[in-house]
Amino acid sequence: MNMEINSDCFETFPVLRTPRLELREILPEDAQAIYEMRANGRVNQFIPRPQMTRYEAAKELVEKTRNAYQNKQVIGWAGVLRDQQKIIGTCGFNSIDRYNLRAEIGGEMDVKYWGKHIAQEAVEVILHYGLNTMNLQTIEAKVSPDNRGAIYVMEQLGFVKEAHFKNRVYFNDRFDDMAVYTLHKGNEKFTRI
């Protein structure tokens, strides 16, 4: 069994395609779309982070994400509608534990595209890439137990709830719970044919 992450994944940024999306590197010119998404309170309703209030914060986030990829710490994709060349979200491995072949997946999408199964399409191709090309053993998602949309996507893709932490996150003057969903290599849906 190969016990290393495929280092080729960090030589050239991996572009992934689905029927409706191209997942490509997040570029400096994507900062405006990211700012607009993160400034929308609905996008952040289940994510314990402050609503973005400055465009400069989006520019800093883009630069931080790009640098983290160069340092082989994360892979952050911009989700672009192929027929419009318009960024509608971001998704990726927010942290990569190279020693244990684990990564945490997370993302966000413009509310205009919720409910159209686009998130599931993006996550599915990223999971295939992570398990089969990167050689990850485990991919996990940390979600609010109230985020029914994200939980539905995780369950449809074979994730299993492994933990439910009470009062795990302190944000906006209150404690909230957090659930952890995990997908392991060998899940029949993601085994290379």
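## A partly exposed lysine and the basis of the model

Lysine 72 is partly exposed, with a relative accessible area of 30%, where buried means under 20% relative accessible area, exposed means over 50% and partly exposed lies in between, using a 1.4 Å probe and protein chains only. Lysine 72 sits in the loop between helix H2 and strand E3 (75–81); helices (H or I, at least four residues) and strands (E, at least two) are DSSP runs, numbered from the N terminus. The phi angle of lysine 72 is near 60 degrees, a positive value in a residue other than glycine.

The model is a predicted one, in which local features need pLDDT of at least 70 and side-chain atom pairs count only at pLDDT 80 or more, while totals for chains, interfaces and linings use all residues. Residues are numbered from 1 along each chain as its sequence is written, and side-chain values use heavy atoms, with hydrogens and water left out.

## Other positive phi angles

Most residues other than glycine have a negative phi. A glycine with a positive phi is found just after helix H4, where glycine 158 takes a value of about 95 degrees.

In helix H1 (residues 31–39), the buried residues are Ala31, Ala33, Ile34, Met37 and Arg38. They cover an arc of only 160 degrees around the axis, and therefore lie on the same side of H1; the arc is that of the directions from the helix axis to the C-beta atoms. These buried residues of H1 pack against H2, strand E4 (86–97) and strand E5 (102–109), with contact meaning heavy atoms within 4.5 Å. Glutamate 36 also belongs to helix H1, but at 49% relative accessibility glutamate 36 counts as partly exposed. Between the C-alpha atoms of glutamate 36 and phenylalanine 93, which are 57 residues apart along the chain, the separation is 22 Å.

Helix H4 (residues 148–156) has Ile151, Val153 and Met154 buried. Seen down the axis of H4, its buried residues fall within an arc of 160 degrees, so they line one face of the helix. The cover over the buried residues of H4 includes helix H3 (118–133), strand E6 (138–143) and strand E8 (174–184). In the loop between E6 and H4 lies aspartate 146, which is exposed, with a relative accessible area of 55%.

## Residues on two strands

Arginine 168 is found in strand E7 (residues 160–171) and is partly exposed, with a relative accessible area of 46%. Leaving aside its neighbours within four places in sequence, arginine 168 is in contact with Asp176, Asp177 and Met178. Arginine 168 and alanine 179 are 11 residues apart in sequence, and their C-alpha atoms are 9.2 Å apart in space.

Glycine 107 lies in strand E5 and, at 45% relative accessibility, counts as partly exposed. The C-alpha atoms of glycine 107 and glutamate 56 are 20 Å apart, with a separation of 51 residues along the chain.

## The cysteines

A disulfide is a covalent bond between the sulfur atoms of two cysteines. Counting a disulfide as a pair of cysteine sulfur atoms within 2.5 Å, the total comes to zero. Cysteine 9 is in no disulfide, and the nearest cysteine sulfur, that of cysteine 91, is 16 Å away, a distance too far for a bond. Cysteine 9 is buried, with a relative accessible area of 1%, and cysteine 91, at 13% relative accessibility, counts as buried as well.

## The cavity

A search of the whole structure finds one cavity of 30 Å³ or more, a cavity being a set of points, on a 1 Å grid over the protein atoms alone, where a 1.4 Å probe fits but cannot get out. The largest cavity has a volume of about 40 Å³, a volume being the space filled by probe spheres set on the points, which are joined across faces, edges and corners.

The lining of the largest cavity consists of Phe13, Glu25, Ile26, Thr65, Arg66, Tyr69 and Gly76, where lining residues have an atom within 4 Å of a point. Helix H2 (residues 55–70) gives the most to this lining, with three residues. By class, the lining has three nonpolar, two polar and two charged residues, where Ala, Val, Leu, Ile, Met, Phe, Trp, Tyr, Cys and Pro count as nonpolar, Asp, Glu, Lys and Arg as charged, and the others, Gly among them, as polar.

Conventions. On a 1 Å grid over the protein atoms alone, a cavity is a set of points where a 1.4 Å probe fits but cannot get out, and a pocket is an open set with protein on both sides within 12 Å along at least five of seven lines; lining residues have an atom within 4 Å of a point.
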